[in-house]
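Reader: I would like to learn how to read a few side-chain features in a model. Please give the general idea each time, then the case at hand.

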Amino acid sequence: MKRILGFLAALLAYAGLAFGAVNINSATQEQLKTLNGVGPVKAKAIIDYRNKNGRFKTLEDIKKVDGIGDVTFEKIKGDIQLTGTTVVPKTDKPAETKAAVKKEAAETKTAVKKEAAETKSTVKEKTADTKEKAKEATATTKEKAKEATATTKEKAKDAAATTKEKAKDVKADTKSDKAETAKEKADAKKVADKEKADAKKVADKEKADAKKQAAKEKADAKKEAAKEKADAKKKEDEEKKKADEKKK
């Protein structure tokens, strides 16, 4: 029985080494490169994606990595796992792996070259556009400056004519203003005299009303004083009478 168990353990260990399983949540770039169809570029892309987005939740999540499509996934899905220790599978075809790496490097180089050519073309086009726009802007500026100069001269001419016309109008208005000023002065004097008379009338009335009020208040005070005096005498007489009655 012990021999059988030992044989099974050895068989499982051999199977693990033969097929291998790469933990895509913890494998290094070198370990990821052992997967079929995954070179240094894709291996680095997997690690960059993992660092940015965290652990892969399902095996299919690896297809979210740039460069890993359905074809690559079909090649590697049997050799990847989400947990456990990474076991690098043994390969009997180093030449194929080397060819795959070489092919991916060539594809990467071609892509970089193509992108550089496109960038260079874009920069060249933008430079040409910039020069053309600068040329058009210079021509437009010159034309606007010319138009502005002509407009300024025309405005100066109009301003001079307007100034002369206004001077004539001012001279004519000055004569008219003198007559109006004399009339306004007379009207102002008339209004001032009327206001003065009205003020005197109001002051006289207020003075008369005040005098009348003062006379009334004086009479009332005198009347009040007489009443108080009479009341005091009456009270004094009553007290004297009471005192005389007590003596009897």
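Reader: Is Lys-216 buried, partly exposed or exposed, and which relative accessibility goes with that label?

Author: Buried means under 20% relative accessible area, exposed over 50%, and partly exposed in between, with a 1.4 Å probe and protein chains only. Lys-216 has 49% relative accessibility, so the label is partly exposed. The model is predicted: local features need pLDDT of at least 70 and side-chain atom pairs count only at pLDDT 80 or more, while totals for chains, interfaces and linings use all residues. Residues are numbered from 1 along each chain as its sequence is written, and side-chain values use heavy atoms, with hydrogens and water left out.

Reader: With which residue does Lys-216 form a salt bridge?

Author: A salt bridge is a side-chain nitrogen of Lys or Arg within 4 Å of a carboxyl oxygen of Asp or Glu. For Lys-216 the partner is Asp-220, and their closest N and O atoms are 3.2 Å apart. Asp-220 is partly exposed, at 39% relative accessible area.

Reader: Why are Lys-216 and Asp-220 separated by about one helical turn?

Author: Helices are DSSP runs of H or I with at least four residues, strands are runs of E with at least two, and both are numbered from the N terminus. Lys-216 and Asp-220 are four residues apart in helix 5, which means a separation of about one helical turn. Lys-200 and Asp-204 are also four residues apart in helix 5, and they form a salt bridge with the closest N and O atoms 3.3 Å apart. Lys-200 is exposed at 54%, whereas Asp-204 is partly exposed at 40%.

Reader: How many salt bridges does a search of the whole structure find?

Author: The search finds 13. Among them is Lys-63 with Asp-70, whose closest N and O atoms are 3.1 Å apart. Asp-70 is exposed at 52% relative accessibility, and Lys-63 is partly exposed at 32%.

Reader: Over which ring does the charged end of Lys-63 sit?

Author: A charge sits over a ring if NZ of Lys or CZ of Arg is within 6 Å of the ring centre and within 35 degrees of the ring normal. The charged end of Lys-63 sits over the ring of Phe-73, 5.3 Å from its centre.

Reader: Why is the pair of Tyr-49 and Phe-56 classed as it is?

Author: Rings of Phe, Tyr and Trp (its six-membered ring) pair if their centres lie within 6.5 Å; planes under 30 degrees apart count as stacked, over 60 as edge-to-face and the rest as tilted. The structure holds one aromatic pair. The ring centres of Tyr-49 and Phe-56 are 5.5 Å apart and the planes are at 15°, so this pair is stacked. Phe-56 is buried, at 4% relative accessibility.
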